[in-house]
Amino acid sequence: MNLLFVTSEVHPLVKTGGLADVSRSLPMALHALGENVCLLVPGYREVLAHSDASTVILTEFPYGLLPAPARLLETTLPGSGLPVWVLDCPELFDRAGGPYQDNNGKDWSDNALRFASFCKAAAWLVQGHATPWAIDLVHCNDWQTALVPALLKFWDCPTPSVLTIHNLAFQGNFDAAMVEVLDLPGKEFHPGSLEFYGQLSFLKAGIVHADGITTVSPRYAREIQTPQMGCGFDGLLRHRASVLSGILNGIDELWNPATDVMLPHCYSIVRKSGKAMNKAHLQHKLGLPENPDVFLVGMVSRLTWQKGIDLVLDALDDLLDDASVQFVVLGSGDAEMERRLVHWNSRLPDRVRITLGFHEALSHEIIAGSDLFLMPSRFEPCGLAQMYAMTYGTPPLVHHTGGLADTVSPYLPGKSSRTQSGTGFVFEHAHTYDFSECFRMALACFRDPPAWKKVVHNAMKKDFRWNIAAQEYVALYNRLLPQWPELPE
Ligand code: ADP
Ligand code: GLC
């Protein structure tokens, strides 16, 4: 089957979070199952910087489809061999800054136009213009691509579409006046199509019009159908429940401690000794005292309300009261959270190290070198970092929600090492008190070496590879493809 995978980020071309990792690893897993997959991404400056001699121009988009001159380039996703189509429209995408925000963290004011244009280009290709082969199905991801299923319906294109919701909180809602500016059909601006409480909503358009909808964990698929976690879409999602399913993400082969090129010392479940060396390396690199006995607690995260950073900040006084705890963070996001974290860095310079920014290699080093990984997200559609942490023998401490609940088995303090099935530490309610209690439980476990060894071993034994999930996607695609009647004998 020929699949077009439309995404607004993909590792290693451009990444702000887990979507980029999934956009590389899921298509690779689908390809391994024999599917023909091509990606489509916007031509941000970062993406264009990867162009090389193998990049070719496939076509020019027709005048009038997009607001400015645009070409379709074809290149290869580094390290995968997968073809990537790049929407090269400099006016919309070739600028300094991030994919969605400028360098000051402010959303680009023309995001509606940028991503509506991306969706139009995708839908035009799905219609069969300029493509070397017919596209059987288009797989869209998050609001930036969610107009595609709607455009296909408006343009009477029968090609089926799947929309994966990686995070329902990001909806792509814009002023109603944008319907006309974006040249969308005015008659579709009603609550059964594009309208969401008086605004134009890209995500709603996708949820209404996609033939199949998935989210990235089974539990999150149930949660978003409740008023508490549905972000205003729960009614619509219940209405579409027959085409909605939760398929747990897998993790990329790049996240394997036995082969990870970003680690100074590789290790595995059978040869765990390299993990201690990574801890020493991390302490050295960050200028912290190199002490194997301290409890090294790590975090790599977007610094936002979703990720529960404030729960950690409110508990830090208590957590760091114990002189044997070191705390390292890599992240960027909310300015106030950044400020509060950095304050701790100056307060306890030999115990706390905060690194602001986005650093792929350091993220691997922290996940490998820490003893405990914190991920107390208020909600978490799937979460990849906790799966990386378990694979790297760094038990995560998580809130019981979404994909965190689906992937982390809770440590049960009363159990013997023989019967202990925990792979991490789980707290029930997103409150500082519950978080602190859970942290204390993790610290007590760390101080009981046989118990700790068992949790680390259980965590590393978990299998988060993509093969099963990719088969679930293929089964879904097959259900959506037109069924040809059997020919008579
Ligand atoms: P989300 O997509 O909601 O941010 P995930 O856990 O699914 O959460 O994925 C986060 C991804 O982004 C992981 O690969 C994580 O290592 C990475 N990441 C987050 N913040 C940073 C950072 N500051 N530097 C490097 N990698 C980061
Ligand atoms: C989103 C979600 C995260 C998920 C990732 C990849 O960023 O917040 O939970 O793991 O997408 O699906």
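**A tour of the aromatic rings**

Start by selecting Tyr 44, Phe 93, Tyr 100, Phe 115, Trp 143, Phe 174 and Phe 202: ring pairs join these residues into a cluster. Keep in mind that this is a predicted model. Across the structure there are 22 aromatic pairs.

Now keep Tyr 100 and Phe 115 on screen. Their ring centres are 6.0 Å apart and their planes meet at 50°, so this pair counts as tilted. Tyr 100 sits in the loop between α3 (90-93) and α4 (111-126), while Phe 115 belongs to helix α4, so the pair ties together parts 15 residues apart in sequence.

Is Tyr 100 buried or exposed? Tyr 100 is buried, because its relative accessible area of 15% falls under the 20% cut-off. Phe 115 is buried too, with a relative accessible area of 0%.

Next, select Phe 295 and Phe 439. Here the ring centres lie 5.9 Å apart with the planes at 50°, so this pair is tilted. Follow the chain from each ring. Phe 295 is in strand β13 (residues 295-303) and Phe 439 is in helix α16 (residues 432-446). The pair links distant parts of the chain, 144 residues apart. Both Phe 295 and Phe 439 are buried.

Two stops remain, each with an arginine over a ring.

- Select Arg 95 and Trp 108. Arg 95 lies over the face of Trp 108, 4.7 Å from the ring centre.
- Select Arg 347 and Trp 344. The charged end of Arg 347 sits over the Trp 344 ring, at 4.2 Å from its centre.

Key:
Residues numbered from 1 in each chain as written. Chains lettered and ligands numbered in written order. Predicted model: local features only at pLDDT ≥ 70, side-chain atom pairs only at ≥ 80, totals over all residues. Heavy atoms only, no water. Phe/Tyr/Trp six-rings, centres within 6.5 Å; stacked < 30°, edge-to-face > 60°. Helix = DSSP H or I, 4+ residues; strand = E, 2+ residues; numbered from the N terminus. Buried < 20%, exposed > 50% of the residue type's maximum accessible area, 1.4 Å probe, protein only. Lys NZ or Arg CZ within 6 Å of the ring centre and 35° of its normal.
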